[in-house]
Amino acid sequence: MAKEKQIFYCTNCGNESSRWLGQCPFCKEWNTFTEEKVSAKSKTSGKSKPLSERARAVSIKNVSSSEETRIMTRIGELDRVLGGGIVKGSLVLVGGDPGIGKSTLLLEMCKNLVETDVKVLYVSGEESVSQIKSRAVRLGITKGSKAEDTLMLLSDNELENIESQIEGLEAEVVIIDSIQTIMSGDIDNAPGTVSQVREVTSRLLQVAKQKNAAVFIVGHVTKEGTVAGPRTLEHMVDSVLYFEGDESGGFRILRANKNRFGSTNEIGVFNMTDTGLEEVTNPSEFFLSGRPSGASGSVVVCTVEGTRALLVEIQALCTDSNYNMARRTSVGLDYNRVNLLIAVLEKRGGINLSGCDCYVNIAGGMKLNDPSADLGVVCAIASSFRDRAVDDKTVILGEIGLAGEIRGVRNVVQRVKEAEKLGYNKIIVPRSNKNKELDKMNVEITYVSSVREALDVI
């Protein structure tokens with residue numbers, strides 16, 4: 001009989017150790033090691049393949065390639081994030097906070113797929129089939145649709161039975177909700193442990209490749225916002241999709257953190273309603289809805305997510321500080337980046353903010369990593385500090401360096417066209433982006449080269 005041994009896993013990154021450690025040497029997190037039993041039964045056993053059956057290296061010249069076969073979900077925002085539809089034989093991980101709408105989105109996707117004669121199996125290890133049916137009825141998914149007759153449901157957490165059901169039904173798309181509830185009989189540990197999650201994901205990956213079926217697995221999210229379980233889980237799958245948004249608000253943003261079959265810069269925007277998720281075809285108008293007119297500290301910038309240009313509102317508030325050290329708060333923007341821009345504004349713009357609390361927010365819950373929003377942040381802070389409103393029809397673009405210079409941004413023509421389409425007629429652009437195509441547009445474009453020059457313009 002195989003002897004069991006104790007292995008300690010880091011729940012954050014999946015690092016293994018033969019003994020317990022207070023701090024993980026790889027991800028530097030504290031108190032993340034958990035003890036698990038590993039037996040020889042969980043290891044790959046059996047005789048090795050004969051030499052004649054083993055894979056052999058081939059020249060890349062002799063390898064034939066073709067476009068991936070894709071299945072359209074008929075949810076435009078989801079297809080955009082996936083890179084043009086579901087790739088057959090792919091394994092997709094969907095993560096997000098509890099109640100954010102992961103199951104709702106996947107159920108709506110299942111409805112559209114079965115209506116195009118795609119065989120779909122929805123597996124839940126958390127809910128019974130009657131609970132799944134009740135949720136589908138509440139969302140209006142089964143009412144008068146083909147899904148009522150052809151959508152297959154399974155409530156089970158045994159991986160071996162799930163594999164047999166996939167093979168028996170010849171399912172083309174499989175939903176696993178969630179990966180932390182599924183367990184394999186080859187592992188003695190409880191569901192949700194590092195060993196189980198790793199083994200189940202590996203087996204599902206084999207099923208996806210061998211049966212040419214697209215498998216979607218739902219992953220729980222930790223308090224840090226990452227998928228629970230070993231970090232190797234994200235490396236094993238083909239795509240990682242994250243659902244973001246405020247549970248109390250209606251908006252939802254679907255973002256691809258990893259995608260082997262498309263861009264990782266694309267985002268999908270949804271609106272949560274009583275009847276499910278609705279696509280937002282014009283996100284710029286959605287993010288700018290409710291913007292106050294003539295208010296100081298409000299600036300519109302244009303960011304590019306993948307192939308899409310989005311207009312978002314940056315809000316800033318400067319108030320006298322009641323503490324010895326002024327507070328700095330940032331929502332939707334990197335905190336350290338905002339502090340850097342405040343320092344540049346003080347040094348290069350001549351505005352003393354040492355006695356002011358500064359709060360910066362991206363309206364609508366959007367998260368910006370685009371450096372082209374730098375100038376917008378600085379102008380919003382200066383507008384609030386001076387209590388002078390920026391013109392409502394102005395869009396500001398530009399990256400800021402430590403010397404106070406305004407650097408050029410990418411896709412400037414696309415950004416200006418998006419602003420023009422929504423009725424904005426004044427655009428502040430870095431001088432290094434000046435070109436003939438911009439001069440032909442029906443908007444007033446002002447070129448700036450420094451922070452002080454931009455502040456004088458607004």
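**Entry 1: a salt bridge.** I started with Glu453, which forms a salt bridge with Arg431, the closest N and O atoms being 2.8 Å apart. I took a salt bridge as a side-chain nitrogen of Lys or Arg within 4 Å of a carboxyl oxygen of Asp or Glu. Glu453 sits in helix α13 (residues 451-457), and Arg431 in the loop between β22 and α12 (436-439), 22 residues apart. Helices (H or I, at least four residues) and strands (E, at least two) are DSSP runs, numbered from the N terminus. Glu453 is partly exposed at 24% relative accessibility. Arg431 is partly exposed at 39%. For these words, buried is under 20% relative accessible area, exposed is over 50%, and partly exposed is in between (1.4 Å probe, protein chains only).

**Basis.** This is a predicted model: local features need pLDDT of at least 70, side-chain atom pairs count only at pLDDT 80 or more, and totals for chains, interfaces and linings use all residues. Residues are numbered from 1 along each chain as its sequence is written, and side-chain values use heavy atoms, with hydrogens and water left out.

**Entry 2: further salt bridges.** I counted 20 salt bridges by this rule. Arg203 pairs with Asp186, with 3.2 Å between the closest N and O atoms. Arg203 lies in helix α6 (residues 194-211) and Asp186 in the loop between β9 (173-177) and α6, so the pair ties together parts 17 residues apart in sequence. Arg203 is buried at 14%, while Asp186 is partly exposed at 32%. Salt bridges with shared partners join Glu160, Glu163, Asp186, Glu199 and Arg203 into one network.

**Entry 3: the sheet.** I traced an open sheet of nine strands in the order β8-β7-β9-β10-β6-β11-β12-β13-β14, with mixed pairing. Two strands pair if DSSP finds at least two bridges between them. The edge strands are β8 (152-155) and β14 (276-279). β12 (residues 251-259) and β13 (residues 267-273) pair in the antiparallel sense over five bridges. Leu254 has Gly268 in β13 as its bridge partner. I also found a salt bridge between Arg255 and Glu244, at 3.3 Å from N to O. Arg255 lies in strand β12 and Glu244 in strand β11 (residues 239-244). Both residues, Arg255 and Glu244, are buried.

**Entry 4: Leu422.** Where does Leu422 lie? I placed Leu422 in the loop between α11 (412-421) and β22 (426-430). Leu422 is partly exposed at 23%. Not counting residues up to four places away in sequence, Leu422 touches Asn282, Ser284, Glu285 and Leu311 (contact means heavy atoms within 4.5 Å).
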